[in-house]
Amino acid sequence: MKWQYFSGKQSETLCVFYTGWGMDANVFQAAMGERDTLVVWDYTDLSTPLPLDDRPIELIAWSMGVWAATQTLPAERLISATAVNGTPWPIDETRGIPPAIFDGTLATYSESGLARFRKRMCGGVSALNAFLAVAPQRTTEDLGAELAALGEAIRSRPEKPFPWTRAIGCTSDRIFPIEAQKAAFPNLIEHEGAHWNPTLFEALLKGASI
């Protein structure tokens, strides 16, 4: 995993933000709030230690970051844990991305395939253009390696219990279908928007009410 620390004005707790597949901190830099925040990305190697001090943790996890957090973050340190547009079962017929879709995405992965994925992720051309303006500074090959590593790790690692305090799912999500999110989280809070939802991310990172 990779990470970047953003120092804020509020340091009583540490906000940890697990992003989705294919991201980096550059994408979220403008959304940072006043809390000290650790942004985590790149799940190719889950053994990388994070610079966690002894403060209580407020977790926000998006997309594949929901699963990655369950695998790598000490649950006993959490005072809150919010899942966004993702589930602890990311490759699953009913509670995540159907296996055939995940495997097809991986099998046909290419630069053009990445472009199609990002368009679905953003929900349209205008949102895609806004995303591309802050696009991750990573290569297509790097993202492909991460996707392959995720597929292997998700299927080989045992499930871990995790104390999620709330889950938010966007109704127009074309990556993690809203019905799958409901199946994973019976008390899911539904929110308008696509899988990539910068307005929602900013509100969560700044501690606004949702």
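## Strand E3

Strand E3, residues 35–41, is mostly covered, with seven of its seven residues buried. The model is a predicted one. Arg35, Thr37, Val39 and Trp41 point one way from E3. Asp36, Leu38 and Val40 point the other way. Residues on both sides are buried.

E3 has pairing partners in E1 and E2. Strand E1, residues 2–6, pairs with E3 in the antiparallel sense over five bridges. In E3, Val40 stands opposite Trp3. Strand E2, residues 10–18, also pairs with E3 over five bridges, but in the parallel sense. Here Cys15 stands opposite Thr37 of E3. Both Thr37 and Val40 are buried, and they point opposite ways from the strand.

## Helix H1

How many of the nine residues of helix H1 are buried? Eight are, so the helix, residues 64–72, is largely enclosed by the rest of the structure. The buried set is Met64, Gly65, Val66, Trp67, Ala68, Ala69, Thr70 and Gln71.

## Helices H2 and H5

H2 passes H5 in a left-handed crossing.

From H2, the contact uses Pro99, Phe102, Asp103, Thr105 and Leu106. H5 supplies Leu147, Ala148, Gly151 and Arg155. By class, this contact has five nonpolar, two polar and two charged residues.

## Helices H3 and H4

Helix H3 covers residues 111–122, and helix H4 covers 125–132. Their axes come within 8 Å and cross at roughly 110 degrees. That angle makes H3 roughly perpendicular to H4. The crossing is right-handed.

Arg118, Lys119, Met121 and Cys122 of H3 meet Val125, Ala127, Leu128, Phe131 and Leu132 of H4. The residues of this contact divide into seven nonpolar, no polar and two charged.

Technical notes. Residues are numbered from 1 along each chain as its sequence is written. This is a predicted model: local features need pLDDT of at least 70, side-chain atom pairs count only at pLDDT 80 or more; totals for chains, interfaces and linings use all residues. Side-chain values use heavy atoms; hydrogens and water are left out. A crossing is left-handed if the near helix is turned anticlockwise from the far one by less than a right angle, and right-handed if clockwise. Helices (H or I, at least four residues) and strands (E, at least two) are DSSP runs, numbered from the N terminus. Contact means heavy atoms within 4.5 Å. Ala, Val, Leu, Ile, Met, Phe, Trp, Tyr, Cys and Pro count as nonpolar, Asp, Glu, Lys and Arg as charged, and the others, Gly among them, as polar. Buried means under 20% relative accessible area, exposed over 50%, partly exposed in between (1.4 Å probe, protein chains only). Two strands pair if DSSP finds at least two bridges between them. Axes are lines fitted to C-alpha atoms, for helices over the stretch in contact, and angles run from 0 to 180 degrees between N-to-C directions. Angles under 35 degrees count as roughly parallel, over 145 as roughly antiparallel, 65 to 115 as roughly perpendicular and the rest as oblique.
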